[in-house]
Each structure stands twice: as C-alpha cells, then as structure tokens.
Amino acid sequence: MYKYSVSILGTGFIGLCSAACFADKDIKVLASTHNEKKANMINEGKAPFYEADLQEMMDDIKANKPELLQCLLDPVKAILETDISMITQGTPMREDKSINLGYIESTAREIGEALKHKDSYHLVVVRSTVVPGTARNLVGKIITEVSAKLPGKDFGLCMQPEFLAEGRSIEDTLKPDRIVIGEFDEQSGATLQEFYEYFYGDHLENCPILRMNLESAELVKYGNNCLLSTKISYANEFANFAQLVPNVDIVQVMKGVGLDYRINDRFLGAGVGFGGSCFHKDVNAIKAWSKSKGYPSRLLEAVLDINDDQAIRIVDMAEELAGDLKNKRITLLGLAFKPGTDDMRQAASIRVVKELKKRGIEDIVGYDPKANETAEIELGSKIAYAGSIEQALKDSECALLITEWDEFKNLKPDDFTKHMRTPNLVDGRRLYDYDLFIKSIPFRAIGRINLE
Ligand code: UGA
C-alpha cells in the first residue's frame, strides 16, 4: 500500500524524474501528457529522453512495482485519482523573449475541471519556473473560475521551485540542498512539507525546508538561475580583462576569488558562454517581467550581452592565431550546450557558427560525441558533421574547443599536429594544460595570453 498519490502534469525532465523518484520510494504516481507516444513509452518502462540514471530507475520500477508509475493521456482522471497534483509543464521563451505561460494555463484549466468533481481537499503544486504572481493570479484564479472551489479552503496551493540541472536530474531530485515551499496559506505549505518529510526522511537533516509566500518562492528560482548566469558572465568579463594583461591566467584568478568563503568557485568557469534550456529563457523572462512592471534590469541585460559576445571573442582569437579564416577549414570540437547531453538549446556552438558565417567562413566541420544528430536538426547544412575527432580535424586549419567532453580532454598536442593541416587550437573551455600546449602548437585559450 502507498501513503501518498501524486499526479504529475508534464513529463519533461522535472516531471518524469520526480515521477520516477517518487514511485521508487513507494508513492503512487499518475503522470499525464497529451503526447501518446511519450505516454506509451513511459508505460512500457522506457525513458522518452536520455537522463543519467533515469532508465535504470524506470527498469527497476517496471520490474518490481509497475502499478506505482503510470502515464495517462487524461489529466483530469490523473488528478481525480490522486491527492496532490504537481504542474511540471514547460514555460518556454516567446519570440519577444518573455515567458509563455500557455501550458501552465491549460493545465490549470484541467485541474479546475477535475476539482469540479472532487469534494475532498486537493493540493496543487506549481513546480515549473514561473514569473512572480503566476501561481496565485493565473493558476489559483483559473482553478477557482472553472471549479468554483476556493484556494486555502477547498484546495491547497503551493509553488515549489526546482533546481535540478540536466545530467544530474535524478541526483538533484534525490538530494536537494534545500526545499523551497511557497504557500498560499499555512495548510497548503504544511501539507507539502509533510509530503517531503515522508519522501526525504533523514536527508532533511542536511536540507532545510524554507517556507514563504508564493511570489517569493517564484522569485527564488529566478534569483538562482540569474546569479549562476551572472557568475559565469562575471568570470567571462574577467577573462576578457585577463587577456588585456600578459601572463595572467583567469583560471588562477577565479580560483583565488572563489576561495573566499562568501563566494565559492563554482560557476566561475570562463569560456565560450552558457547555453541550455534554462539560463537564457529565465534571465530573459524575469528581465521582460521586471520591464513590464517599469523596472528594466541593466544587470541582466549585461549578463546576456557578455555571454553571447564570447562567441565573437573566440572567433577573434582564432583569427589572431590563424589569420584570415576565409577559405580555411575550421573544426568545432563539441556542439552540445554542455557535456553529458545531446541538448543543443541555446548552445554556444550555435552563436559561434553564426559568427563564423558572418565573417564569410564556410568550411566548418563539427563533431560532438553525443549531439551530432540534434546539432544537425538545429544547424542543418551550415556545417558538416564528422563521425570522429580524427575526421573532424582532417585538413583543418583551426580547431575551436566548444564543449568540454572527456573525450577531448585526453587529446595531446600531437593529436592536433598529426591530423590537422595546420594545428591551430583555441581552447574555449580551458580544458587543456596551457603551459604544455603553448610550447607545442599554435595555441590560444580564453582568459590567458602569454608573451613569449
Ligand atoms: C541550470 C541550473 O544549474 C539548475 O540549477 C536549474 O534548475 C536549471 O538550469 C533549470 O532552470 O532547469 P542546466 O541548464 O541544466 O541547469 O545546466 P548547468 O549545468 O547549470 O549549465 C548551464 C550552462 O552554463 C552550460 O552551458 C555550461 O557550459 C555553462 N557554464 C557552467 C559555464 O559556462 N561556466 C561554468 O562555470 C558553469
């Protein structure tokens, strides 16, 4: 028997990883999606996307307790058969870069439809990243409009932001640093806290639960992603300073900065810039939101500009090293937005290709250990795709390291000399031993320029 039943409305990274982790700990989960293919896969125990440890967890559930994780095409049924509903739908970026709350709105309507027919208390938890005011003014209001039920009385309403990073979704779900609960009222928050006390047990000794109002919790998530993005742009700004002074190394500088107990050195890695489905989307969303309220953010504008300009900087460095790149073959090592994934959303490689093309450079070959296929969907015939590092370097006159995959980490100067026409290398992620490479081949790295 199970103590809790939860419907998870949305089956992306947050939704499916939570669903699997809950079911794994004997909570009954009814996930729901409108995508039939996805639902079938989940019901067959197959993860519809790659995420470390997810498939293993789903195999285990399928073998030992398949009844605890099911995926329905009918959200109303999923909601009616559970006590807690979690909204985990995506909140993509609109063309004008503001947040698109369309999926959240339609899910709130489905919850309203279900609650119309339910008399017992039901807890609704928003776990998608949403701008302040969404849980109360959109989700809560729509549910009441459709069901005539009242938040704080007939149903509970919480906002619980999610901090999991791709590639670590399962680990982050099982071992969060903290749990933030935004609550409409005391009962809503207490009900969710109780659920997490059951789910996390002893882990809560090292993981505080923070309770606050809905809007504060919504802003925590943006506070997090914006600060992480700011740290990266800050490191990149200093990498650009470092390149103004010979023999200064940004890696050492940020290590020195990060050892301050008030700072820490995580996300101070300078490079060709951040990408992924979250940072651009969220920084833009909160920027557009604050502007709509009469406060345009100068800080976040700079964070995005500095980030996206790193693509121009790395191409400048390549041209300083190898001369005019027109009519030369250029190699991109790594295309995904970070190692460990085939995700190409907002990847730095896209901006680098755009900059190369702008300068009339046509002969570009890319290679990524996992993302060649997704890159082709994104970049099409703008570049050619190599099946191996060797093939990617063949006849090339300049290589740009874009994504720091382990496979690239092991390359030695000789590998570049052996395969390339001229072994020019620009390290866009500070992956290589600077002193070794600068001695061996024509080499540049973000955040360090040595004088001979
Ligand atoms: C990010 C956050 O880390 C999560 O906490 C958050 O929950 C998630 O967004 C989300 O909002 O859903 P994610 O986008 O999966 O997670 O990936 P990160 O590991 O944060 O990396 C983002 C980008 O920053 C990558 O392109 C990476 O290469 C870049 N990065 C990271 C740097 O350029 N320098 C660094 O020092 C660290």
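A polar contact is a pair of N or O atoms within 3.5 Å. In this predicted model, an oxygen atom of the ligand lies 2.8 Å from a polar backbone atom of Gly269.

**Contacts of the ligand**

- The side chain of Lys221 has an N or O atom 2.8 Å from an oxygen atom of the ligand.
- A polar backbone atom of Phe337 is likewise found 2.8 Å from an oxygen atom of the ligand.
- On its own the ligand has 720 Å² of accessible area, and the protein covers 87% of this area.

**Composition of the shell**

**Strands β9 and β10**

- Strand β9 (residues 330-333) runs parallel to β10, and four bridges join the two strands.
- Within this pair, Thr331 stands opposite Val365 of β10.
- In a regular strand, side chains alternate between the two faces of the sheet.
- In strand β10 (residues 364-367), Ile364 and Gly366 point one way, whereas Val365 and Tyr367 point the other way.
- Ile364, Val365, Gly366 and Tyr367 are all buried.

**Gly271**

- Gly271 is located in the loop between α10 (250-258) and α11.
- The relative accessible area of Gly271 is 1%, and a residue counts as buried under 20%, so Gly271 is buried.
- Gln310 is 39 residues from Gly271 along the chain, and the C-alpha atoms of these two residues are separated by 7.4 Å.

**Ser98**

- Ser98 belongs to the loop between β4 (84-87) and α5 (102-116).
- With a relative accessible area of 17%, Ser98 is also buried, because the limit is under 20%.
- The side chain of Ser98 is joined to the side chain of Asp96 by a polar contact of 2.6 Å.

Definitions and conventions
Residues numbered from 1 in each chain as written. Predicted model: local features only at pLDDT ≥ 70, side-chain atom pairs only at ≥ 80, totals over all residues. Heavy atoms only, no water. Polar contact = N/O pair within 3.5 Å; in protein donor to acceptor, adjacent residues only side chain to side chain. Areas by Shrake-Rupley, 256 points an atom, 1.4 Å probe, with all protein chains shown as cover. Buried < 20%, exposed > 50% of the residue type's maximum accessible area, 1.4 Å probe, protein only. Pairing = 2+ DSSP bridges.
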